Amino acid sequence: MSNADLDFSYTQNRELSWLRFNDRVLEEASAPETPLFERLKFVSIFTSNLDEFFMIRVGGLQEVSRLKKEPVDNKSNQTPTEQIAAILSALHPSIRDHAKAFERVEKDLQGYGLHRVTWRTLSDADREFVQNYYEAYVQPIISPGIIDPRHPFPNLRNLKLYAVYSLDSAQEKNILGLIDIPDSLPRVVQLPHDQKAKKTAGYRYILMEDILLACADDAFGSSFHVNRKTIMRLTRNADIDPDDVFDDDDDDYRSHMKKVLKKRLRLAPVRLELQDNFDPDLIKMMRKLLILDEDRVFVAKCPLDLGYVFGLEDHLPAFSKRELTYPAFSPQPSPDVIPGHAIYEQVMAHDIMLFYPYETMDPFVELIHEAAYDPSVISIKITLYRIAKQSRLAEFLIAAAENGKEVTVLMELRARFDEQNNIDWAGRMEEAGCIVYYGEDRFKVHSKICQITRRMDGRIQRITQLGTGNYNEKTAKQYSDLSLMTADPGIGEDANAFFRNMSLSNLAGEYRYLGVAPHSLKPLIMRGIDREIERARAGEEGRCVFKMNSLTDRELIDKLAEASQAGVQIDLIVRGIACLLPGIPGKTDNIRIRSIVGRFLEHARIYSFGDGDMVYLASADLMTRNTERRVEIAFPVFDERLRKRIRFVLDTQLEDNVKARVVGSDGMLHRVEVMPSDALVDSQATFMQVASQRAAAAGLMTNVSYHTRIESRPMVKAEAAERLADVFGDGTTDSARGRMRAADETSVADETRAGDVVAADAGAGVAGSAESAAQNTAQRAAQDAALGMAVAQSVAEGGEAAGISTDTQAVDVREEDLQLKDPSRQDALLQDSGGAAGSNQVEPEQQQGATSPSTQATSASTRREADAGNTNASSRLTQSMHMFAQAFKVLFGGGTR
């Protein structure tokens, strides 16, 4: 489709949408509920995000703009040159806001003993210390240089800090001097306490670049006089992936870009930053040498590289650290997993879904650990995109290979900025005997899938894990993702076919249940939307709730607009780029978009259709690069118990009015309107609370220090207990946990019975008589009710858990699911048969950084400012004491959307 045929009234440019998202990240640096030191981190995240944006997006657009015939973007109808102009125009207000935020936060932190000293503010005592430090550790290793006809301009490294000087000599004026700040030097140097100011507590420090500016004038010798000096940093075009730049352009342009990349001798500069004003003539000379236009030069009022701020946390004064940072939270044990019992057996009994970072990744890592040493395990197959530098998971894969298992690893070496780490792990795995192969030539493998195959009693058993995020133990504590472990035979067959197809470079494989890009994922989503369109046109309720990181795919944008015009109600939770404009009359009236930026990075991809009867999780965002140019997987959630929990996640985020922002028809992000009587709902804080309370109710809680610091307004009464019990109290896992515990507390003989019960839950039919099965069902219902009530009571206000009601009938959804599976299941599920609407029948269908939940004000003065115009002090105290109930009442009071 040509751009002449496109409707641009409900779309916006992806780059401008991203800049608005980054402004939202910066907004957290001023949020009163965000602890003060965490605000400094958000200032730093804004900077690192912008660095990557220039390296990847601006750099890519710059290359394309050099084509004789520039392509036109299919969301904004702009050429790359026009897009760059719009980016640079929008950037300057953001950069000013960033400098102000940094200055404000730094000033406030001084009151807590964290004080950065600059070269201009050194006291006499500080200057003596710094001079001695410079002479002892810095001066011996720096290499100053000048730029003249005999000393050509050096190849400045990407994002490297340089001290730059305007020099005069007896023979010449305005000579450019440079000092490369060595990487071997520490970025932060602690200063002694200022005895004169009687400051004996806290942490005073100076940055290495300021030491150079204070002391290195004589580095150029007596022949040169220093006029002006500052710090400089150059941003270069990264070694881009053409797919990232050409989300919506044809293959001819991508082919051209690949040729450009091969011919490029060094990466082209895209931005020059100066920490302070500098000699205009020398700036002009540098621009000419770097081939940069004047609008690519940015003057900052703060350090150019803020990566050092994360290391300052270890130096925060003990008396203020608790107030300055987020309350401690550790990922909680999932009550779905029974300690002391093999993970494999539990997954055979029922699907297990983990919600990172609120629940720990350990059960999946332990599953791999078990498989590495289980003599019945034949093989382990896994895709790896990003893994931690120190990874237990990778070590267990190596151990499995050394133990004689067939371990197959599909390693993607082109995961941007993780290439070297992946290459290193691939080498270690190959040495250990793993079968390692790599992604396709033109398609990154971004899927998250693992399969363990066992041979038991002559039969093949498969456990399949699929997720929305990477197999990275570090980011699993920072990114919000969902991970499903299942013994479902249909998904197991598809997973086995997937790995077979990947080994044969067959990207067009057919699957019964999985949607696999680049061929079948987008059609699967499109068919799901079509199902809702048909429902709406038939006078029924059509509904879509999608959660993702970015939305840029033009075909899917148009399909969502079509659905809106048909009357389908659409809620999109999009963390970053959203090229679809909601609320355009006659076009996208029924579409609502919101973005959530908080303590954790929102990373899960969820695609829910109808009333949640059809839910897919995926590794893919709705970006053209994901749907058409990567190998991605979308997978169904069959278990109604788990679908209910996913709906709870979506509903809670749709109710968030603290960290959520709504996208307006102008493309801007706006605060959620909150009425005086409304509860303040922070979804991430809620998920932490629920995870902690569920673990506590099951006797598993590992961290009890977490508490929210949001101060809520008076709330409407809600049935928190009933909703908690409804969401979390009817699962087969909770009943299995109760039975396993009973077994642990009795005898070895009961252990055997407990194993039989687990097998019964899996539909294996080895539990015994119908009478014992009926007893098991009754016992499960009792356990479910007890756990649901315990969780609800633990969060109900003042012990007001009256009226708790729990369904006394347990439903074995897995048995129902198994009855529905047949070769034509996927297509059948997309058809809207007469009596299916609104039923509970399972009908399955179907990816950096920025990041913080509600927390306390960071000082008495800040708290007073934040509280101005709100409730009085005693009222706030009462609300804080009843925080759990207040946070849940609104969340659990209404019906499910």
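A charge is said to sit over a ring if NZ of Lys or CZ of Arg is within 6 Å of the ring centre and within 35 degrees of the ring normal.

**Figure 1. Charged ends over aromatic rings in a predicted model.** The charged end of Arg271 sits over the ring of Phe54, at 4.5 Å from the ring centre. A further case is Arg454, whose charged end lies over the ring of Tyr344, 4.0 Å from its centre.

**Figure 2. An open sheet of three strands.** The strands follow the order β1-β6-β5, and their pairing is mixed. At the edges are β1 (114-116) and β5 (188-191), each of which pairs on one side only. From one strand to the next, the twist averages 35°. Strands β5 and β6 (residues 203-207) run antiparallel and are joined by four bridges; Leu191 stands opposite Arg204 in β6. Helix α3 (residues 80-110) lies across β1 and β6, and runs at about 130° to β1.

**Figure 3. Helix α11 and its buried residues.** This helix (residues 362-373) comprises twelve residues and reaches 17 Å from its first C-alpha to its last, close to the expected 16 Å. Its buried residues are Pro363, Phe364, Val365, Leu367, Ile368, Ala371 and Ala372.

**Figure 4. Aromatic pairs, including Phe364 with Tyr471.** The count of aromatic pairs comes to 20. Phe364 and Tyr471 form a stacked pair, 5.4 Å centre to centre with 25° between the planes. The pair links distant parts of the chain, 107 residues apart: Phe364 belongs to helix α11, and Tyr471 to the loop between β16 (459-467) and β17 (479-486). Phe364 counts as buried because its relative accessibility is 0%, and Tyr471 is buried with a relative accessible area of 3%. Elsewhere, ring pairs link Phe329, Phe355, Tyr358, Phe600, Phe648 and Phe687 into a cluster.

Note on methods:
Residues are numbered from 1 along each chain as its sequence is written. This is a predicted model: local features need pLDDT of at least 70, side-chain atom pairs count only at pLDDT 80 or more; totals for chains, interfaces and linings use all residues. Side-chain values use heavy atoms; hydrogens and water are left out. Two strands pair if DSSP finds at least two bridges between them. Helices (H or I, at least four residues) and strands (E, at least two) are DSSP runs, numbered from the N terminus. Axes are lines fitted to C-alpha atoms, for helices over the stretch in contact, and angles run from 0 to 180 degrees between N-to-C directions. Contact means heavy atoms within 4.5 Å. The expected span of a helix is 1.5 Å times one less than its number of residues. Buried means under 20% relative accessible area, exposed over 50%, partly exposed in between (1.4 Å probe, protein chains only). Rings of Phe, Tyr and Trp (its six-membered ring) pair if their centres lie within 6.5 Å; planes under 30 degrees apart count as stacked, over 60 as edge-to-face and the rest as tilted.
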